[in-house]
Amino acid sequence: MTDVTIELGPNRYGKSAIRLVRVDRSDPGRHVVRDLTVDVALEGDFTAAHTDGDNANVVATDTMKNTAYAFAAEHLTGAIEAYATTLARHFLDNDQVERATVNVREHAWHPIDVADTPATDAFVRGGEGTRVATVAATRGEVAVEAGVEDLVVMKTTRSAFSGFPRDRYTTLAETDDRLMATKITAIWRYGSPEIDFDGTWSAVRNTLLEVFADHDSPSVQTSIWIMARAMLERHEEIDEVRMVLPNLHHWTVDLSAFGMTNDRMVYVATTEPHGLIEATVRRGQG
């Protein structure tokens with residue numbers, strides 16, 4: 001029998017779904033709620049833990065969780081990108097760690113209006129998408145990505161889909177005016193970790209929404225291209241945009257059985273099955 005060499009390939013480990021809420025009461029007239037889900041993953045010299053059962057280099061995932069809580073108290077005062085960067089760099093203090101990746105999702109809470117005045121201590125969960133950030137830190141580089149997930153949007157006109165191939169299994173009718181709805185995930189990569197994260201994130205998200213509303217869409221694929229290209233053209237801070245758009249179909253209801261016509265007024269909304277369109281748009285090398 002020929003000798004076979006077996007070795008450990010790429011690996012990482014960490015703590016996922018760390019849920020934390022920070023309430024800042026320093027201003028009695030305006031409490032601030034920060035609600036995060038944090039994931040931490042480490043890569044480095046952990047071979048012995050896999051092959052020999054030697055845990056001498058293994059930072060406990062419970063330690064990662066506790067560190068996320070402690071750093072929330074001390075460092076969660078600004079953008080989630082800054083918090084994630086500080087947390088990732090902390091784990092590099094362990095010599096065996098070569099790369100630390102921290103992903104943060106922020107769930108927005110807004111003060112409830114009471115008689116047209118924002119409440120001091122009562123909040124409602126926002127429904128305008130989840131802000132996300134991922135920081136991957138090594139001793140020589142910090143890479144920062146940010147974006148938004150679960151951003152549900154709809155166009156009631158200026159969306160089409162036609163000219164596609166047809167065969168014996170094709171039943172979809174061509175249309176030059178359909179209702180288009182999707183739940184956007186858009187992740188962009190920053191060219192530098194030293195920027196105004198809050199201001200840039202808000203500006204890029206505003207561009208995404210503005211262009212979605214303002215363009216004519218011959219397909220979801222084209223919509224991704226148009227929106228991502230505009231984000232890159234308007235915001236020099238970002239180098240790449242990855243977008244995922246599920247096509248949340250809305251089909252017109254046949255009301256003819258009731259002696260009624262339905263001119264694009266009443267739809268049945270479906271979530272499954274749905275088309276899923278993904279693309280990355282980036283700056284060219286030339």
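A pocket is taken here as an open set of points on a 1 Å grid over the protein atoms alone, where a 1.4 Å probe fits and protein lies on both sides within 12 Å along at least five of seven lines; lining residues have an atom within 4 Å of a point. The model is predicted, so local features need pLDDT of at least 70 and side-chain atom pairs count only at pLDDT 80 or more, while totals for chains, interfaces and linings use all residues. Residues are numbered from 1 along each chain as its sequence is written, and side-chain values use heavy atoms, with hydrogens and water left out.

The largest pocket is lined by 26 residues, and R34, E106, A108, W109 and H110 lie nearest its centre. Its space amounts to about 590 Å³, a volume being the space filled by probe spheres set on the grid points. At least two lining residues come from each of β2 (32–44), β4 (109–114), β6 (130–137) and α4 (197–214); helices (H or I, at least four residues) and strands (E, at least two) are DSSP runs. The largest share, 4 residues, is supplied by α4.

The second largest pocket holds about 490 Å³ of space. Of its 18 lining residues, L172, T175, R178, H249 and W251 are the closest to the centre. Two or more lining residues are given by each of α5 (220–234), β10 (250–252) and β12 (275–282), and β10 gives the most, with 3 residues.

The structure holds 17 salt bridges, each a side-chain nitrogen of Lys or Arg within 4 Å of a carboxyl oxygen of Asp or Glu. Within helix α2 (residues 61–75), K65 and D62 lie 3 residues apart, about one turn of the helix, and their side chains meet in a salt bridge (2.9 Å, N to O). A salt bridge of 2.5 Å, N to O, joins the side chains of R264 and D177. This pair links distant parts of the chain, 87 residues apart: R264 is in the loop between β10 and β11 (267–269), and D177 is in the loop between β7 (142–155) and β8 (180–190).

In the salt bridge between E240 and R189, the closest N and O atoms are 3.1 Å apart. E240 lies in strand β9 (residues 238–247) and R189 in strand β8, so the pair ties together parts that are 51 residues apart in sequence. E240 is buried, at 11% relative accessibility, whereas R189 is partly exposed, at 30% (buried means under 20% relative accessible area, exposed over 50%, partly exposed in between; 1.4 Å probe, protein chains only). A network of salt bridges links E145, R189, E240 and R242.
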